[in-house]
Amino acid sequence: MQSPLPGTVPDTPSAVFERIATQPGAYWLDSGPVCGPHARYHLLGCNPSAELRPHNRNPFECMRTFLEPLKSEKALPIPAARVVGYLAYDLGRFIEQVPHSKSPQYDELVLNQYDACVTFDMSLGRAWLSASSTAAASA
């Protein structure tokens, strides 16, 4: 579900991020520099409902299993971040034969699933709350 936040953008994305930055899994994705032509959307969220860290398992199989339940979700008209994370360069060793180096000091793949996201549309001067349920919207 998506619902516009009342009025124009209630705060700047940076002001909202300052409020959530210390929460677990806080993220801020923006689409580019403020004055650039691609700076339309800013997506913010925190407190993931699920996390994937494969830990010595096939990361691609783990990712497929993790993302499978989201495939049936209806596409939203406003961009929203349901899964945020990273895939490290070292994932290449699961695809091709490369000399094995010592274990990396970080996870090769981390994905967090979020039940709610605030999306700022700077072009329209509006903000939306996207949530997977009414309970997630009120959290």
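## Arg40 and Asp121

Arg40 counts as partly exposed, with a relative accessibility of 34%, while Asp121 is buried at a relative accessible area of 0%. Here buried means under 20% relative accessible area, exposed means over 50%, and partly exposed lies in between, computed with a 1.4 Å probe on protein chains only.

The two residues form a salt bridge in which the closest N and O atoms are 2.8 Å apart. This pair links distant parts of the chain, 81 residues apart: Arg40 is in the loop between strand 2 (27-30) and strand 3 (41-45), and Asp121 is in strand 7 (residues 116-121). A salt bridge is a side-chain nitrogen of Lys or Arg within 4 Å of a carboxyl oxygen of Asp or Glu. Helices (H or I, at least four residues) and strands (E, at least two) are DSSP runs, numbered from the N terminus.

## Basis and confidence

This is a predicted model, in which local features need pLDDT of at least 70 and side-chain atom pairs count only at pLDDT 80 or more, while totals for chains, interfaces and linings use all residues. Residues are numbered from 1 along each chain as its sequence is written, and side-chain values use heavy atoms, with hydrogens and water left out.

The pLDDT is the predictor's confidence in each residue, from 0 to 100. Its mean over the protein chain is 82, and 82% of the residues reach 70 or more. Within the protein chain, strand 4 has the highest confidence, at 96, and helix 3 (residues 134-138) the lowest, at a mean of 67.

Three strands make an open sheet in the order 4-6-5, with antiparallel pairing. Strand 4 (50-52) and strand 5 (83-87) are the edge strands, each pairing on one side only. Neighbouring strands of the sheet are turned by 10° against each other on average, direction ignored. Two strands pair if DSSP finds at least two bridges between them.

Five bridges join strand 5 and strand 6 (residues 109-113) in the antiparallel sense, and Val83 stands opposite Gln113 in strand 6. Helix 2 (residues 59-67) packs on the sheet and touches strand 4, strand 5 and strand 6, its direction making about 5° with that of strand 6. Contact means heavy atoms within 4.5 Å; axes are lines fitted to C-alpha atoms, for helices over the stretch in contact, and angles run from 0 to 180 degrees between N-to-C directions.

## Other salt bridges

The whole structure holds six salt bridges. In helix 2, Arg64 and Glu61 are about one helical turn apart because three residues separate them, and their side chains meet in a salt bridge (2.6 Å, N to O). Glu61 is partly exposed at 43% relative accessibility.

Arg82 and Asp115 form another salt bridge, with 3.5 Å between the closest N and O atoms. Arg82 lies in the loop between helix 2 and strand 5 and Asp115 in the loop between strand 6 and strand 7, so this pair ties together parts 33 residues apart in sequence. Arg82 is buried at 17%, whereas Asp115 is partly exposed at 27%. Glu51, Arg53 and Asp107 are linked in a network of salt bridges.

## Positive phi angles

Most residues other than glycine have a negative phi. His55 has a phi near 45°, and Asn56 has one of about 65°. His55 is exposed at 52% relative accessibility, and Asn56 is exposed at 86%.
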